Amino acid sequence: MLPTGNCTFRATGIVKPSERERVSLVDALMSATKGRTSSFTRNVLSASSSQTPGIKCGPNGTFFVSSGISDLDKILGGGIPLGSLVMVMEDAEAPHHMLLLRNFMSQGLVQDQPLLYASPSKDPRGFLGTLPCPSSKDDKLRNHDPQQEKGLRIAWQYKKYFGENQQSFDGHRGSKQEFCNDFDLRKPLERHFFSGQRVDCVSVKDSPNLVALQDRCTTFLAQFPRNDGSISSVGRIAIQSLCAPQCTHSNMEWDVLSFISYLKSMLWSANAVAVVTFPPSLLSESFCKRWQHMADILLSVRAIPDDDKELAKLLTGYQDMVGFLNVHKVARTNTQVPLILEATTFSIKLQKRRFLVLECLNQAPIDGSSGASYGTSGSCSGSSKTGTLEF
Amino acid sequence: MQNLKDFTANFPNDLQSLKLGFLLQTQRSPSSQNSPSIMAESICRTLRDGSLEGEHAPALTLTIKDTAASPFGFDVFAYVLSQLSSFILEGKSQSRSVQLQFIRHSFLPETAPFNIGSSLSDAERPMNSTVCYRIQILDCYTDPLGWKGKLVESGNAMCISDEASSVTHLCKDVRDLDNLYSLILELGKGLAGQGKAHFSVAIDSVNEMLRHASLSRVAGLLSNLRSHDQISCIYWLLHSDLHEVRVTSSVEYMSSMVANVEPLNPSASGQRWDSENVSLLKQNFQKGKLNVRFKRRNGRVRLMCEEFHIEQSGINFTPVSSEDGTINQGLLPKVQFSLQLSEKEQTERAKVVLPFEHQGNGKPMQIYDGRRSLEDNKNEATLASTGNLQRNEASGEGEIIYFRDSDDERPDSDEDPDDDLDI
């Protein structure tokens, strides 16, 4: 980043990075090549739970389950905590919530976690054929090396530190691969993953109310009781487009609300997570607000216009973007410290049309012609909201 | 003619059939072509290309929305129908036939708009000795709730000669949507014959369906149609000001394209009819804007806008005269950082020599003292290495003025513990 104005300053010496900073700078360099995440990531050196590869220990005695998208796991602080309810607000104009759902469901199936899937279509099983397959590692690793060397001139021999960190990095990466896979959206998941008893599908279209779905959820969650012992298995519930217009229950707003609170209470006493997507534009405003308060983790997806020259000027990488993801609420259990995100808006990109990545937005200032330099701008963000810094 | 137009403009929804009659009077010659429009053509082309195999809800759906301020949705609907029919007749489209369900307006062959009429008469001719019609009409207009039938049964009225043509099929109960769904499918499959050929469905007015059945039932019917493999595309007309916003947004939720018919001057409508406003209002009832939102498969939304004129020969589309670009700033959070480099800045950055970098050209070490380029100021560089104070003669933009602490200090002495600097 260059200062945009004229300034003279006095150099008082050479900045010498200390030992610890060097290590974190190496991490920053390694992570910077993958895309613009925060430059100083906290190394949560948490060993995965010994019993099952799909569960990770988190801070404050919580356990995390992967959402299927590694970027989203990082944003949420490690993954989805067990027992939480994730709600995704759909955009009527874009099917991005399906991308999130697909990755979530595939991740569970690949890690042998039973799945309950409910959808408003007549044949929910058909959707399972569109789930993505974990990609082979060769595709991803091949990309990293050429990108690292491009256009970066560093007058510091950082390479000699690679030998020390390479081991821990590979080990780290290895365990991370098991927790969260990279999914290739163009390859369908092998059939043996979702055949059999592991996947339970429910269609909510023709049922007069949500009682049937509620019963199915109850029986499903009874398989994963939470007690103080070890976690044997974890369940996942995916409900797509709750309150879609073609379902009869879409008129019964209070009933749907009571179903959600019931689900939430059941989840709290079970080792399971649930992802529910719903179309907020089709609900009345008050109910939309109530639903949002019910969620532990609240995300929303938004469509972006196609071939928009203004957006292309404002954003770098606009060509690859397919939409935006907003993170409204992140669950923090067993602690009073909230998670303050650096950014709440992320762009959804499909790398090579196969891999889903979430990136922070790199955008030009709205009134860039005024040429504000660092000295003049006092606060970082124009709209200052308490607790969240938005870049 | 002008008065008639104004008259129908006052009561657009009640006198649609009258307006249709007005259109009919002027549209007798089937050879008159509408002027081609880019955007409306692209709608029709997209519908023509139809669905992809193996998609979640394959059929493409188009919602045409209008309001009382610009009540030309029906014209657009008729345009789309005529375009698609001509595509079907030419054999260019994925769907081989059209299943037309009308409730609100009469589409019977005698009274249908001009090129529908001609395509209907073409369609009724059997093709290639096998009876294979290209259009099938589901008539929900004549007797939607079965009252006439009941009257005939009870003997109170004369029997109306049901035109039992093979093209038209009468529906006597619009409220039973399951029956309607199976009727549509049956007729469509009958059109398609034995094979797996696709057909498209045109629904005249969703408002009428919503009048007789609840939103969830109608939405269920539409989504069932959408998920059916043999249906290539569906399009319908909706008057959005007749229902709550929720209803309109539910219908939009289920469609892959939304075409909004809007007035050119939105402020003019709804005001009192003063002499100044009448000209604007008149303009509103001859022209309008068509805003289309395409939901593309990759999740982006393409917005297109065109103007249209209703003239004697039909509806004409023209590209939009004035561009008002809307910046989608609501989507993005506001920042004040400049995170991008302009071209000039990029080239300047490439020119910057880092202080302790290898120059790579075998010359003696030179400290970059903030001067602009090393090659030009060789004299100053050699002086700097002996540790003298230098002042920049060339006054330029940002300069680094470095005052050395002592003259003896050399930049690359062995006592310097920075052995990890790549010099």
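Trainee: At what angle do helix 8 and helix 9 of chain A pack?
Mentor: Helix 8 (residues 211-221) of chain A and helix 9 of chain A pack at an angle of about 5 degrees, with axes 11 Å apart. That makes helix 8 of chain A roughly parallel to helix 9 of chain A. Angles under 35 degrees count as roughly parallel, over 145 as roughly antiparallel, 65 to 115 as roughly perpendicular, and the rest as oblique. Axes are lines fitted to C-alpha atoms, for helices over the stretch in contact, and angles run from 0 to 180 degrees between N-to-C directions.

Trainee: Before we go on, what am I looking at, and how is it numbered?
Mentor: This is a predicted model: local features need pLDDT of at least 70, side-chain atom pairs count only at pLDDT 80 or more, and totals for chains, interfaces and linings use all residues. Residues are numbered from 1 along each chain as its sequence is written, chains are lettered from A and ligands numbered from 1 in the order in which they are written, and side-chain values use heavy atoms, with hydrogens and water left out.

Trainee: Back to that pair. Which residues of helix 8 and helix 9 of chain A meet?
Mentor: From helix 8 of chain A, they are A:Leu213, A:Gln214, A:Cys217, A:Thr218 and A:Leu221. From helix 9 of chain A, they are A:Phe259, A:Tyr262, A:Leu263, A:Met266 and A:Leu267. Contact means heavy atoms within 4.5 Å.

Trainee: How many are nonpolar, polar and charged in that contact of helix 8 with helix 9 of chain A?
Mentor: Eight nonpolar, two polar and no charged residues. Ala, Val, Leu, Ile, Met, Phe, Trp, Tyr, Cys and Pro count as nonpolar, Asp, Glu, Lys and Arg as charged, and the others, Gly among them, as polar.

Trainee: And at what angle do helix 9 and helix 10 of chain A cross?
Mentor: Roughly 5 degrees, for helix 9 (residues 253-268) and helix 10 (residues 285-294) of chain A, and their axes come within 10 Å. That makes helix 9 of chain A roughly parallel to helix 10 of chain A. Among the residues making the contact are A:Trp254, A:Leu257 and A:Ile260 of helix 9 and A:Phe287, A:Arg290 and A:Trp291 of helix 10 of chain A. By class, this contact of helix 9 with helix 10 has seven nonpolar, two polar and three charged residues.

Trainee: Zoom out. How many helices and strands does chain A have?
Mentor: Eleven helices and 14 strands. Helices (H or I, at least four residues) and strands (E, at least two) are DSSP runs, numbered from the N terminus. Chain B comes to 13 helices and ten strands.

Trainee: How much of chain A and of chain B is buried?
Mentor: In chain A, 48% of the 391 residues. In chain B, 46% of the 423 residues. Buried means under 20% relative accessible area, exposed over 50%, partly exposed in between (1.4 Å probe, protein chains only).

Trainee: Now chain B. How many residues of helix 4 are buried?
Mentor: 15 of 18, so helix 4 of chain B is largely enclosed by the rest of the structure. At 1.5 Å a residue, helix 4 (residues 73-90) of chain B should span 26 Å, and its end C-alpha atoms are 26 Å apart, which agrees. The expected span is 1.5 Å times one less than the number of residues. Just after helix 4 of chain B, B:Gly91 takes a positive phi of about 80 degrees.

Trainee: Where is there a positive phi in a residue other than glycine?
Mentor: A:Asp112 has phi near 65 degrees. A:Asp112 lies in the loop between helix 3 (96-110) and strand 5 (115-119) of chain A. A:Asn334 has phi near 60 degrees. A:Asn334 is found in the loop between strand 12 (321-329) and strand 13 (345-351) of chain A.

Trainee: Is A:Asn334 buried or exposed?
Mentor: A:Asn334 is exposed, with a relative accessible area of 58%.

Trainee: Is B:Ser250 buried or exposed?
Mentor: B:Ser250 is buried, at 2% relative accessible area. B:Ser250 lies in helix 10 (residues 245-253) of chain B. Leaving aside neighbours within four places in sequence, B:Ser250 is in contact with A:Pro245, A:Leu282 and B:Leu215.
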